[in-house]
Amino acid sequence: MEPWQQSFAQSLSDPAVIAARFGLDPAVAAAVADRYPVRLTPHLLTLIEGADDPLGRQFLPDPFELADDNLAEDPLAERTLAPLPAVIHRYPSRALLLAGNGCAAYCRFCTRKRRVGCTAFHLPFDELLKGVDYIAAHPGISEVIISGGDPLLLADDALNELLGRLRRIPHLGVLRIATRVLTVLPERITPALATLLGRQAPLYLTTHFNHPRELTPAAIEACNRLADAGVPLANQTVLLRGVNDDADTLIALCDGLLRRRVRPYYLHQLDPVHGTGHFRVPIERGLELVAALRAKVSGLAVPHYIVDLPGGRGKVALTPERVVSLGAVAVIRASNGELVAVPNG
């Protein structure tokens, strides 16, 4: 067992132990964990200071997850866009390949909160290979985003086999890997893994940092290791109430990322997923924060502020020409001109 696997095996997932450590209501923690899995890596345990801490809010079970927030379990209609358990095919030229259903730690605001970490949605490796076959059979697909769960929980041999099979598909060009291990399990980014990924160009790795405190020395070392191996890095941040919905936090985060050779790529308006209503930030506030970023940091450090439209209609940049009206429900103009209602705040 490699050191990162040993560290992962020492993660904390017992809600009673987590509740005792962080002063949570044990009954509530158990009820939340019964519906939505909880896992804290040793690295996270050194960072979380409490339930109201920006990292605690992201990873500790919260009673609001069980509240009736009138949000959908699958607002992006991924079920209807999944021809196979391991494939989501929303765009003609791009497909999402789910490389697994587990994460090193479980974000309380996850888009796939309904399924990630749940045994009913276990994805064996043979289902993943069926997904590769689906991509090979659809020549219109030129780009694959490998997500999950977290694909970097695969062992090096399995990951190498997966990437090798994808690389043998003639019509496939760019590969992307979306991962949060740099934040929660940075020891996963070993020299061997960095070399493996660096050999797969053009391959882009999308990180997920939401707060500047996540840029720990270990996370920075992981970023450097990948960048030195020739892997381009881009970051996706989710706008979260009580975590990063203030200008100083986002400025520090985006500037810090750029200094570590990670391009701030997306600032996501939180998907309206059931159990995440307590994290939602109004679009008006998001637009203000992007304006504050533009005034304070390099243009390279300003991410695109985007919303993933309900019903699988795709991502749209939140710019004045796209925002038709704002209120309790925002009206956004999709790329095809359609007006789409989006829950706002």
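Tutor: Contact here means heavy atoms within 4.5 Å of each other. The model is a predicted one, in which local features need pLDDT of at least 70 and side-chain atom pairs count only at pLDDT 80 or more, while totals for chains, interfaces and linings use all residues. Residues are numbered from 1 along each chain as its sequence is written, and side-chain values use heavy atoms, with hydrogens and water left out.

The loop to begin with runs between α5 (54–59) and β1 (87–91), and L81 lies in it; helices (H or I, at least four residues) and strands (E, at least two) are DSSP runs, numbered from the N terminus. Leaving aside residues up to four places away in sequence, L81 touches L76, V87, I88, H89, R90 and G312. The C-alpha atom of L81 is separated by 9.6 Å from that of Y91, which is 10 residues apart from L81 along the chain.

A77 is found in this loop between α5 and β1 as well, and its phi is near 60 degrees, a positive value in a residue other than glycine. With a relative accessible area of 16%, A77 is buried (buried is under 20%, exposed over 50% and partly exposed in between, with a 1.4 Å probe and protein chains only).

R261, in the loop between α11 (247–259) and β7 (262–269), has a positive phi near 65 degrees and is likewise not a glycine, but at 44% relative accessibility R261 counts as partly exposed.

Cis peptide bonds mark two other loops. One joins G148 and G149, with omega about 20 degrees, and G149 is found between β3 (143–147) and α7. The bond from A201 to P202 is also cis, with omega near 0 degrees, and P202 has its place between α9 (191–198) and β5 (203–207).

Helix α7 (residues 156–167) packs with helix α6 (residues 125–136) at an angle of about 15 degrees, their axes 10 Å apart. The two are therefore roughly parallel to each other, a label for angles under 35 degrees, with over 145 roughly antiparallel, 65 to 115 roughly perpendicular and the rest oblique. From α6, the contact is made by F125, L128, L129, V132 and I135, and from α7 by A158, E161, L162, R165 and L166. These residues divide into eight nonpolar, no polar and two charged.

Key: Axes are lines fitted to C-alpha atoms, for helices over the stretch in contact, and angles run from 0 to 180 degrees between N-to-C directions. Ala, Val, Leu, Ile, Met, Phe, Trp, Tyr, Cys and Pro count as nonpolar, Asp, Glu, Lys and Arg as charged, and the others, Gly among them, as polar.
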